[in-house]
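Reader: Could you walk me through reading aromatic contacts in a structure?

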Amino acid sequence: MIIVENFSEKYRHACFELIRAYLPDKEFSNDSVILRYDNRNSYLCLIYEEKIYNVFVKQGDEFFEIRKSLFEILKQLTKCSKKWGLLTGIRPTKLAYNLYKKHGYDCALKNLVEDRLMSTEGANEILDIVERQDELIERHKNGYSVYVHIPFCRSKCSYCSFHTYVNAYDLHEPYTKALVNEISGFKKKLREPSAIYVGGGTPTSIGLYNLSLILSAISAKFGKAQEFTVECGRPEDLTDEMLKLLKSFGVTRISINPQTFKSESLRSLSRNHTVDDIYAAYNRARRVSFDSINMDFILGLPGEGKDTIINSLKIANQLKPDNITLHALAIKNGSKMIRQDLEYKFDLDRLYSEIDELLGLDYKKYYLYRQKRIYQNGENIGYALDKKMCLYNIMMIEEAQEIYAFGMGASSRLKRNDGFETRTNYRDIDYYIKKVRK
Ligand code: SF4
């Protein structure tokens, strides 16, 4: 448990987030981490594993100095990545992009290092990413993209906290009808979108016929996008027929997600497919010649040390998908896996450096985001081969344009006056079907 005492609400929240980022396994553990502030004497006191750490808070901007002092203590106590300094939000590149556009690279770097206490290496890393994104964001910021949600899967991966339905065959048809109805009934007249993204769940798990109805409704309503992604997270659905169907509807990018190339891990994650299934699906997909294939991997799975992860990425590097996306494991409420399953075996910053060395010859980092309760205060990173950056991922993570979203629980991001507003669809599937099929 994390207890923060003697602070105003603003300070309490910021300190709680900082402690949670650097000591993620303490949030739900029985042994408490306690932070107290003696504002009369300007002392910060952290009690952790029966030891007391006192630190003097310097005069000046109190909000900054308190967090800085807390960060100094936390750095000594954890193996987590230190590169993020005081940043705990999920979109550090959005902050970096705004600084970069306003003040240029050098001033943005100074701000991230001096005011947010990022490491110079980390700050350069995210500024290099936003420099790469800039041209695409400028070109597409007045456009829009489309997201379509299909919340079904063949089995529940043990780390997954998404709201998905496993083998709920009786829902496939009514959901498809409702979704087609919602898309067809979209009234706005717009030019063609920048990107279309069909995600989930595992969209391909609803079968050829249902998926063809949905893709047909998307094409009829929105026409041809510059990029059209369908997530095919599990290799077992990727038959030749499925691949042909995707191609025939103009899909340009698919995602086949191994997560790991270690067979035992796949079994223990309840993913119901083998490593050979991934190779076979990837080879079939390559023959259909999509513009881009992505592969997702997870860092920090139980039983996987640094060597296992590097080995999986060496295999991926040989297969050469156009995108490789790395997710540091984030355990959320609702997943079967619990935080106690995790081992904190390696220094994540060192692992990231090794990965950069391995992938850096051919791939460049092009988007990055973080999550609450993420493994070792890490990040999720997208790598792309030259000219293969995924437009939708950039637009979505940087919140750079409007998104029209369809399906249960899907969130649209709509322009309103000077800003954007988020609108989320019905989260209950029965209610969604009932309301949208009318
Ligand atoms: S395939 Fe994806 S959405 Fe489905 S259970 Fe696994 S992680 Fe969750």
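Predicted model: local features only at pLDDT ≥ 70, side-chain atom pairs only at ≥ 80, totals over all residues.

Reader: How many aromatic pairs does a search of the whole structure find?

Author: Rings of Phe, Tyr and Trp (its six-membered ring) pair if their centres lie within 6.5 Å; planes under 30 degrees apart are stacked, over 60 edge-to-face, the rest tilted. Here the search gives 20 pairs. Take Tyr-144 and Tyr-404: with centres 5.6 Å apart and planes at 80°, they are edge-to-face. Tyr-144 sits in strand S5 (residues 144–150) and Tyr-404 in strand S15 (residues 402–406), so the pair ties together parts 260 residues apart in sequence. Strands are DSSP runs of E, at least two residues, and helices runs of H or I, at least four, numbered from the N terminus.

Reader: Is Tyr-144 buried or exposed?

Author: Buried means under 20% relative accessible area, exposed over 50%, partly exposed in between (1.4 Å probe, protein chains only). Tyr-144 is buried at 5%, and Tyr-404 is buried at 5%. Ring pairs also link Tyr-144 and Tyr-404 with Phe-186, Phe-222 and Phe-406 in a cluster.

Reader: Which residue lies over the face of Phe-420?

Author: A charge counts if NZ of Lys or CZ of Arg is within 6 Å of the ring centre and within 35 degrees of the ring normal. Arg-413 does this, at 3.6 Å from the ring centre of Phe-420.

Definitions and conventions. Residues numbered from 1 in each chain as written. Heavy atoms only, no water.
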